[in-house]
Amino acid sequence: MKKLFFLLLIIFAGMTVDAQYFQTGQDPASIKWRQINTENFQLIYPDYFELQAQKLAYTLKKVYKYGSYTLNHKPEKISVILHTQTVKSNGLVAYAPKRSEFYTTPHQAIYPQNWLEQLALHEFRHVVQIDKLNSELPKIIKILLGEQGTALVFGAYLPWWFIEGDAVVTETTLSNFGRGRFPSFLMEHKAQMVEKGRYSYDKAYNGSYQDFVPDHYKLGYHLVANSRAKYGSGLWNSVLKRVGDKPFSFTPFNKALKLKTGMNKVQLYNSVFDSLALAWQTEDKNLDLTVSKIISQQKQTYTNYRYSHWLNNSEIIVYKTALDKIPAFVKIDKNGKEETILHPGVIFAESINHRKEWIVWAEQTPDLRWSHSGRSEISLFNINNRKRLKVKPEFKAFAPAISPDMNNVAVVESDFSSNYYLSVYRVSDGKLLHRIQTSNNNYFFTPEWVNDREIVSILLTPEGKRIARFDLQSGKHKILIKKDLGEIKHLRVVGNNIYFISGYSGKNCLYVYNTETDLVHHIYEPRFGVEAPTISPNGQKAILSDYTADGFQLIEIKLKKENLEPISDINENRYVLADQLTKHELGIPELNSTDSTVYDSKKYRKINHLFNFHSWAPAFVDIGSYDIQPGVSLMSQNKLGTAETILGYRWDVSEKTGEFYANYKYKGWFPVLDFELSSGKRASQYMLVTESKENDVVVTDTALQRFTWNETNFQTDIKVPLNLSRGAYYRFLQPEINYDFTFYKKDNTTPDNFFEGNFQSVAYRLYFHQLRRQSYQDVYPNFGFIIDGIYRHSPFGSENLGEIMAGQAVVYFPGVIDNHGIKAYGGAQTKHNGGMFSFSDMIRYPRGWGRTETKEMYSFAFDYKMPLFNPDWSLGSLAYIRRINASLFADYARLFGNNYDNGGIVGTFETDISSFGLELTGDMNFLRFYAPLNIGFRTSWLPEVKKVYFDFLFSIDFTSL
């Protein structure tokens with residue numbers, strides 16, 4: 001109950017809240033949609049995706065029975081929307097409105113199972129979770145709030161580690177793979193517990209700016225799986241049931257845990273990870289590790305060095321990521337000194353390769369307009385001469401590899417219909433030279449050139465991942481290793497040897513396969529796990545990315561024949577916990593079997609599905625700001641995310657008047673259209689002077705007289721949001737036109753001299769920003785700028801409002817210390833009044849000052865912001881403070897305006913106002929709610945009036961949910 005109260009308190013307070021109903025974006029308007037309706041699912045998909053949609057309908061049908069078993073709940077029918085043109089790989093389930101969304105393109109780091117099967121297992125478990133909660137909720141919540149009531153309880157009471165951990169357990173127990181059998185997924189907590197010990201629950205759940213913290217998928221798997229193994233498969237069923245039954249109790253999640261385990265969630269976390277720490281630390285003491293040479297410098301913050309390459313005998317190139325730096329390719333010399341070579345854009349997983357002096361990578365390129373679209377570019381960079389080349393593949397492309405003659409690049413491709421290819425493009429002109437697709441449409445990983453005619457690649461088969469050799473001329477391939485080696489990645493070819501990383505032993509270790517002897521040998525056993533090997537040209541040494549609690553460090557090992565162990569001497573790891581939990585299930589569903597069923601499909605007409613009313617409230621809720629006023633509201637968002645509607649009646653407490661309200665946004669075309677209409681009563685007051693005689697003496701009395709009038713407002717807005725992001729910079733351009741019509745009409749209480757008629761205005765706005773990517777610890781972008789210009793006038797209407805022209809800009813610079821930031825602001829505005837009315841100001845006033853009427857204004861501001869410290873303080877269950885920030889600011893403005901007397905202009909004024917001060921804010925989480933808060937205060941000194949003002953600062957970011 002306290003979390004619900006906290007959320008409602010935030011909403012009713014009317015403070016700055018960054019939130020809206022969960023909106024993931026839109027698909028290209030050109031797509032024609034179809035649908036398949038089964039008993040439990042509605043699949044909505046592009047018409048060209050028919051074959052894959054039919055297969056997915058069968059998969060979901062099979063998963064339905066198995067995925068709902070341990071929660072003892074069969075969910076109601078749900079819509080599944082398939083986004084096929086996006087370059088992102090993801091899946092989600094959301095309420096308000098209720099639906100699931102699948103991003104159908106697989107990435108290079110998936111575990112050994114078909115991507116759509118992975119999504120079906122994982123996301124369906126989320127469907128079961130939220131639908132079970134919904135079924136248990138008191139009817140009054142659903143009657144009063146609709147779907148948003150379920151979403152509110154789900155988000156307020158269920159920790160994300162449970163939500164995602166339970167789904168990861170399900171994907172693991174209902175398959176032979178899953179992330180619970182994925183060494184790289186499990187090693188982060190193991191390294192942390194062995195090298196740094198157990199973090200507090202709040203740090204483990206809410207994160208830290210000081211240390212790297214594994215995400216809630218990994219945290220959740222350990223907690224959910226180990227708890228279920230100890231307390232039985234019914235544990236989490238009981239927890240969900242109680243949360244649904246008792247949404248008005250103080251801590252239903254903790255109470256349910258206490259009843260079943262005797263512990264609350266913090267105690268459960270401590271118990272589980274203390275046990276894991278003991279086992280992992282004991283195992284670590286018994287390790288007999290090969291001594292290796294560390295060649296990367298130890299950093300104070302978490303840093304990863306991956307995808308290394310020998311440039312020459314004394315220098316290596318590596319891709320570096322860190323909490324305090326944006327990703328970069330760096331050169332490291334023999335003394336460990338680093339030189340930054342290049343800051344690339346957003347690189348796809350496992351999509352960096354090298355040859356000689358060239359780096360090649362696959363980079364995300366967003367679509368100009370559509371969030372659920374995009375492309376991939378293949379970038380090549382020459383370290384010696386700084387030459388940069390680009391290849392634009394026909395389809396979505398990943399994992400590029402340069403040919404030995406440096407003329408061609410091989411890539412893994414996926415088209416919009418989920419056809420998978422191994423393709424070769426010529427670098428000089430981007431011409432497609434070869435394209436291979438297997439007869440079973442297997443997915444490819446990590447291609448590497450054997451010679452100019454042959455490529456080896458990892459192939460995803462129904463039995464798991466296999467290394468295969470491909471002939472580019474014939475298109476034929478041969479499986480080289482038939483034995484299942486579990487997770488396989490990062491192929492490297494030197495002569496007759498194919499080096500690779502495998503999780504066969506339970507850790508990611510280095511192995512080698514010899515094509516002449518047809519034998520596999522184990523080479524190197526790490527402490528926690530290694531990745532991304534690079535082998536010297538003579539095959540005598542290797543550089544590996546070796547995982548530690550402070551990130552991947554670079555180590556160098558000798559490749560000696562006497563250190564090779566036959567694969568037959570290596571014990572295959574058994575994932576005991578996953579196997580134990582699988583016994584709780586009905587079994588593992590057979591998802592690869594062929595099914596002759598052809599499901600009926602039909603057109604899904606967008607025009608027939610513009611409205612999907614999902615939630616309502618006995619209050620007026622502004623979806624954009626989550627501001628709540630007395631009244632009623634009804635909310636709609638269609639399943640494709642192209643149309644949003646809010647209808648309602650709101651009551652203004654201060655004016656004691658009400659108005660009807662309607663807003664409709666349509667985002668399915670290239671421009672975004674926004675229509676808003678409101679109509680009702682408004683109220684104000686005026687000073688009423690009365691005179692009366694008492695004993696021949698005239699008595700004057702002044703009183704406030706309330707009056708009302710009828711007001712109707714209509715606004716329409718057209719804008720075109722354009723995503724121009726490239727490389728290390730986010731770029732966004734948005735032209736916008738707004739039309740505003742307001743009509744005033746008197747009633748019987750309105751004064752005679754009150755204006756009656758209409759105001760009309762048109763505004764033209766152009767917004768652009770170019771902002772450099774921020775590291776996790778940065779408070780501002782190191783470089784970037786924002787430009788915003790607007791012109792507004794009233795060419796129509798019975799009353800001229802005049803015009804206003806304004807422009808403002810923000811420029812970001814790095815501070816004197818890493819992660820500090822400087823923000824400089826400048827704004828200029830001119831305004832001409834049309835009569836007794838005028839437009840509101842557009843640019844900033846100095847902080848602490850109230851506004852006054854001006855005709856011209858220039859404003860400047862300077863902020864220097866810095867993180868003071870990262871305390872990771874837990875104040876019990878009340879608050880967790882991750883970071884304390886300080887910002888020094890100086891604001892200045894010059895104002896030009898008119899002096900008035902009795903409604904007439906009697907002169908002009910010119911004045912300067914300024915303020916100086918300090919803002920102290922903390923990044924924190926209240927009541928263990930996952931969405932972070934920024935809270936603090938501002939002290940402003942106003943030298944012109946010699947006064948000090950204090951302001952309370954508060955914001956909450958729901959985008960992290």
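Predicted model: local features only at pLDDT ≥ 70, side-chain atom pairs only at ≥ 80, totals over all residues.
Local features here need pLDDT of at least 70, side-chain atom pairs count only at pLDDT 80 or more, and totals for chains, interfaces and linings use all residues. Residues are numbered from 1 along each chain as its sequence is written, and side-chain values use heavy atoms, with hydrogens and water left out.

**Stop 1: a loop residue.** Select Asn 72. Its phi is near 50°, a positive value in a residue other than glycine. Asn 72 sits in the loop between helix H2 (50-67) and strand S4 (78-83). Helices (H or I, at least four residues) and strands (E, at least two) are DSSP runs, numbered from the N terminus.

**Stop 2: a cis bond.** Go to Ala 96 and Pro 97. A cis peptide bond joins them, with omega about 0°. Pro 97 belongs to the loop between strand S5 (89-94) and strand S6 (99-104).

**Stop 3: a helix pair.** Select H6 (residues 160-173) and H9 (residues 216-231). They pack at an angle of about 70°, with axes 7 Å apart. That makes H6 roughly perpendicular to H9 (65 to 115 degrees counts as such). Axes are lines fitted to C-alpha atoms, for helices over the stretch in contact, and angles run from 0 to 180 degrees between N-to-C directions. By class, this contact of H6 with H9 has eleven nonpolar, five polar and three charged residues. On the H6 side, show Trp 160, Trp 161 and Phe 162, among others; on the H9 side, include Tyr 217, Leu 219 and Arg 228. Contact means heavy atoms within 4.5 Å.

**Stop 4: Glu 315.** This residue is in the loop between strand S8 (303-310) and S9. Leaving aside neighbours within four places in sequence, Glu 315 contacts His 309, Trp 310, Lys 331, Ile 332 and Asp 333. Now pick Gly 336. Its C-alpha is 9.1 Å from that of Glu 315, 21 residues apart along the chain.

**Stop 5: a salt bridge.** Select Glu 338 and Lys 320. They form a salt bridge, the closest N and O atoms being 2.9 Å apart. The pair links distant parts of the chain, with Glu 338 in strand S11 (residues 338-342) and Lys 320 in strand S9 (residues 316-322). The structure holds 58 salt bridges (a side-chain nitrogen of Lys or Arg within 4 Å of a carboxyl oxygen of Asp or Glu).

Key
Parallel < 35°, antiparallel > 145°, perpendicular 65-115°, else oblique. Nonpolar A, V, L, I, M, F, W, Y, C, P; charged D, E, K, R; others polar.
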